[in-house]
Amino acid sequence: MNSPSSSIPQDGLFDASLVERLEPVDDGLMDANGGERKRFRAFEPDAVMLVPPSLEEWLPEGHLARFIAELVENELDLTRFYASHKKAKGQPPYDPRLMLRIVLYGYCTGVRSSRQLERACTDVVALRWLAAQQAPDFRSIGRFRQRHLAALANVFLQALELCRAAGMVKLGMVALDGTKLRANASRHKAMSYARLTEKQKVLAQEISDLMAEAKTVDESEDAKFGPGKRGDELPVELANRQARSKAMAAARASLEQEAADKARVEAEEKAAKRGDDDDEITGAGDTAARESEPRPTAQRNFTDPQARIMKTADGSYHYCYNAQAVVDAGHQVIVAAELGQGANDYGQLVPMVERVQENLGMMPKTLSADAGYCSKANLVEAGRMEAEHGTGFFISTARVKHSTPIPESPRGRIPANATLGERMARKLKTKPGKKIYSRRKVIVEPVFGQIKTRQGKHLLLRGLQNAQAEWKLLAAGHNLLKLHAFRAQGAG
């Protein structure tokens with residue numbers, strides 16, 4: 001008798017006759033006619049990873065997140081961030097290195113809202129990697145940004161120094177310009193001076209009526225104010241009206257002070273031109289300030305009282321701040337960044353040039369600016385700085401479209417009685433002047449476009465001081481993106 005094993009073919013593992021034949025299963029690899037279908041990569045949604053993944057494998061080499069992490073760990077001075085944590089008591093906060101990694105990456109990529117950053121720390125691989133699998137909530141992120149606002153603004157100076165150390169800043173040719181950044185303020189939460197005055201009177205009467213009514217309801221205190229209360233708490237409608245009245249009073253006072261300051265400056269300038277002495281100049285300013293009155297149409301916003309109505313590039317009007325930047329021609333690095341409330345740029349030329357010197361310890365070789373910076377006072381200061389530091393100023397004396405060609409250079413000597421404006425206009429028509437000024441729009445204007453497209457065109461923080469710090473943080477993010485690209489190009 002043959003053993004069971006003797007019936008098994010020597011060239012196989014089992015007897016094929018014992019296997020039940022089944023119909024072929026449609027696995028997506030064969031079509032209805034038996035032909036071969038397109039193959040796809042294996043997809044197993046329920047697959048289990050038996051080996052823990054490494055965070056280092058999540059991002060490719062040279063990724064922006066790795067650059068930010070290296071920067072925070074080894075190149076930025078974090079003394080200011082750690083100095084504010086002096087008390088040993090309380091729950092341990094998140095490490096400033098962790099929070100700074102998140103905030104800097106967010107400001108470089110346009111994810112700036114604390115709530116958006118919280119979600120991104122879970123949903124976005126780069127931020128999840130930077131947060132080391134931790135997920136700070138939006139309150140922690142918001143508190144970190146508010147607490148370290150000055151230190152975050154200082155990152156701009158550190159980033160600028162890193163760019164200079166990399167050879168990206170030469171100060172051979174720089175350009176100055178301004179742009180309007182939308183404030184975090186709604187036009188629907190604003191009121192004109194005339195309406196403020198009228199509404200204050202109405203509110204004052206309403207508050208008076210409610211106060212009189214409150215005195216006559218002693219017998220219904222329990223029903224009106226609820227059990228267990230003293231009965232002298234303000235009704236909700238009265239408290240709301242008083243809060244609105246207080247906000248309106250502050251807005252009206254701000255408009256009046258602004259009008260008084262403006263009237264004082266104008267009166268003192270007129271008195272100085274007349275040749276009055278110091279006492280007469282001061283007296284003229286005091287009188288003008290005392291008699292000044294805001295324009296009825298002057299507005300103040302209640303969500304951000306320090307923002308101002310400004311005309312934007314699209315011709316519409318919004319509550320904005322005026323952001324200023326001086327940009328180096330070499331790699332479009334921002335070498336000075338400030339933010340103000342004035343809609344025009346006249347008063348920004350000298351402060352911005354001085355800021356360049358403060359930031360880098362030297363003056364640029366040439367500086368170009370558009371007609372928004374042209375005034376007699378600025379031309380006088382430009383002449384003084386040119387004589388003192390050797391900086392050549394090329395300031396347009398009239399607004400022209402980008403496509404308008406610059407007239408040919410005039411011939412002959414400059415007339416002895418030529419004004420400062422005429423001399424500057426003649427300077428711009430020379431071959432060197434035309435060459436330098438034609439570079440202005442390709443140096444500074446693309447920077448504003450890059451920031452508004454990649455990082456955001458709206459400010460999130462309210463108030464002049466906070467908005468200024470945020471603008472510097474945006475400028476720091478722009479410079480860090482330039483530095484990252486420069487190093488990546490050098491490594492390649």
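**Loops, charged patches and buried helices in a predicted model**

Gln-133 is partly exposed, its relative accessible area being 44%. The model in which this residue is described is a predicted one, and Gln-133 is found there in the loop between α5 and α6. The phi angle of Gln-133 is near 70°, a positive value in a residue other than glycine. Ala-132 also belongs to the loop between α5 and α6, and phi of Ala-132, near 55°, is likewise positive in a residue other than glycine. Most residues other than glycine have a negative phi. Ala-132 counts as partly exposed because its relative accessibility is 41%, a value that falls between the limits of 20% and 50%.

Considered as a whole, the protein contains 18 helices and 8 strands. Of its 492 residues, 39% count as buried, while the accessible surface comes to about 29700 Å², of which 52% belongs to carbon and sulfur atoms. Among the contacts between residues at least 6 apart in sequence, 73% join residues that are at least 24 apart.

Helix α5, which spans residues 125-130, includes Ala-126. Ala-126 has a relative accessible area of 5% and is therefore buried, the cut-off for burial being under 20%. When residues up to four places away in sequence are not counted, Ala-126 touches Leu-59, His-63, Ala-65 and Tyr-105. Ala-126 and Trp-58, although 68 residues apart in sequence, are 8.0 Å apart in space from C-alpha to C-alpha.

Two patches of charge on the surface were examined next. The patch of positive charge gathers Arg-115, Arg-119, Arg-139 and Arg-143, and helices α4 (114-123) and α6 (138-147) each supply at least two of its residues. Arg-115, which lies in helix α4, has a relative accessibility of 46% and so counts as partly exposed. An α-helix has 3.6 residues a turn, so residues three or four places apart point the same way. The negative surface patch is formed by Asp-277, Asp-278, Asp-279 and Glu-280. Of these residues, Asp-277 is placed in the loop between α10 (236-274) and α11 (278-291), and Asp-277 counts as partly exposed because its relative accessibility is 42%.

Burial was also followed in two further helices. In helix α15, which covers residues 431-438, Gly-433, Lys-434, Ile-436 and Tyr-437 are buried. The elements against which the buried residues of α15 pack include the strands β1 (173-182), β7 (366-369) and β8 (392-395), and the helices α14 (420-428) and α16 (440-443) are also among these packing partners. Helix α18, made up of residues 464-491, holds Asn-479, whose relative accessible area is 0%, so that Asn-479 is buried. With residues up to four places away in sequence left out, Asn-479 is in contact with Phe-156, Ala-159, Cys-163, Val-333 and Ile-334.

Key. Residues are numbered from 1 along each chain as its sequence is written. This is a predicted model: local features need pLDDT of at least 70, side-chain atom pairs count only at pLDDT 80 or more; totals for chains, interfaces and linings use all residues. Side-chain values use heavy atoms; hydrogens and water are left out. Patches are made of residues with over 30% relative accessible area and no salt bridge: like charges are joined within 9 Å, nonpolar side chains (Val, Leu, Ile, Met, Phe, Trp, Tyr) within 5 Å. Accessible areas come from the Shrake-Rupley method with a 1.4 Å probe; for residues, only the protein chains shown count as cover. A salt bridge is a side-chain nitrogen of Lys or Arg within 4 Å of a carboxyl oxygen of Asp or Glu. Lys and Arg count as positive and Asp and Glu as negative; His and the chain ends are not counted. The place of a charge is taken as NZ of Lys, CZ of Arg, CG of Asp or CD of Glu. Helices (H or I, at least four residues) and strands (E, at least two) are DSSP runs, numbered from the N terminus. Buried means under 20% relative accessible area, exposed over 50%, partly exposed in between (1.4 Å probe, protein chains only). Contact means heavy atoms within 4.5 Å.
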